[in-house]
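Reader: I am new to reading protein models. Could you take me through this one step by step?

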Amino acid sequence: MNTTHSSSSSGGSGIGSGPLGYGNTPTCYFVMIGTKDNPIYEAEFVSVNTARASSGVAAIPDAKKEEFRHLNQFIAHSALDMIEDIQWSTNQMYLKSIDKFNERFISAYLTAGNIKLLLLHDAKSEDAIRNFFNDCYELYIKTLLNPFYEPNTIINSPAFDTKVRLSAKRYL
Amino acid sequence: MLQYTQKRVHGIQDLERKLNELGYRVGIRALDLLVWRDKNSKRETRVLGMLYFIHTTVWKTMFGKQADSLEKSTENEDEYMISDNDPMVSKFISVPKDVSQLNCGAFMAGIVEAIMDGCQFPSRVTAHTVPIDGYPLRTTILIKLDKEVLEREEQLK
């Protein structure tokens, strides 16, 4: 069965040709990046709240989705530079919308241990995203407290994944 | 914990290093946890703010009281000291004469080092015993910041 949800730790392998546009599917791409710029966790959500409004849209074929996935990773990485610039000027944790790509926005949240939580999304309310980030930070701390979890490594736990998706459904 | 490490090392330096590593693991987790619990807290971006955070919040949660003093060394720009008159870690350990060099404060030093590293202030952290009248166990933790931290402080000023 084709995988339409990606919660695997490594994204695709090849590079697709540049997409013409994102189409109308309102997906959000969430990634947690460790201190050495290594991705610790990534997930894609189809946003339920805005999907209801555009319910007449045909689904994007899976091949195109693969391309979008790679592009999402590139966008996230380029946003890291922006974060590094900003992080010393403010001591806030929630850095709101730090970058824009075509019509997508990128919001970031920087934890005390220098883990970066990035979210690629269409226009969304800041409060919702802040709540989502806070939830994810709490889940991350709980994972961190596990003595068998080595900090800065990939989070494979299915329980973590379920909880993140649940939180995304609530807030996004 | 001490006995565990003692069985696995050959020498005092190694023992201190192992305690340091154990403290490091604790420190990483402590940092995020404490910042989260302090609900309105922000990230620390300045050295002094960071040290103050360690000096008060961290010590309070770990040992039930604030550290006894936070000092800036007058000799070098990049050295700071946090002192504890009665470290809980060393209180109940009796050190035999042949390992008299051992300072169990290495564990506390590991915790501090992890917190500094986590906030992007890489530094060398060591523990020294400086007995004073009335407080034979007084331990000082010496924090020596890396050069890049100082440069960044300069730019931020």
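Reader: Which helix of chain B holds B:Leu48?

Author: This is a predicted model. In chain B, the helix that spans residues 47-63 includes B:Leu48, and that helix is H3.

Reader: Is B:Leu48 buried or exposed?

Author: The relative accessibility of B:Leu48 is 55%. A residue counts as exposed when this value is over 50%, and therefore B:Leu48 is classed as exposed.

Reader: What separation is there between the C-alpha atoms of B:Leu48 and B:Pro131?

Author: Along the chain, B:Leu48 and B:Pro131 are 83 residues apart.

Reader: Turning to chain A, what is the order of the strands in the open sheet of five strands?

Author: The strands of this open sheet in chain A pair in the antiparallel sense. At its edges lie strand S2 (39-46) and strand S3 (94-101) of chain A, each of which pairs on one side only. From one strand to the next the twist averages 20°, and the order across the sheet is S2-S1-S5-S4-S3.

Reader: Which residue of S4(A) stands opposite A:Leu95?

Author: S3(A) pairs with strand S4 (residues 104-110) of chain A over six bridges, in the antiparallel sense. Opposite A:Leu95, the residue in S4(A) is A:Ala108.

Reader: Which strands does helix H4 of chain A touch as it packs on the sheet?

Author: Helix H4 of chain A covers residues 158-171, and its direction makes about 45° with that of S2(A). Where this helix packs on the sheet, the strands of chain A that it touches are S1 and S2.

Methods:
Residues numbered from 1 in each chain as written. Chains lettered and ligands numbered in written order. Predicted model: local features only at pLDDT ≥ 70, side-chain atom pairs only at ≥ 80, totals over all residues. Heavy atoms only, no water. Helix = DSSP H or I, 4+ residues; strand = E, 2+ residues; numbered from the N terminus. Buried < 20%, exposed > 50% of the residue type's maximum accessible area, 1.4 Å probe, protein only. Pairing = 2+ DSSP bridges. Axes fitted to C-alpha atoms, helices over the stretch in contact; angles between N-to-C directions. Contact = heavy atoms within 4.5 Å.
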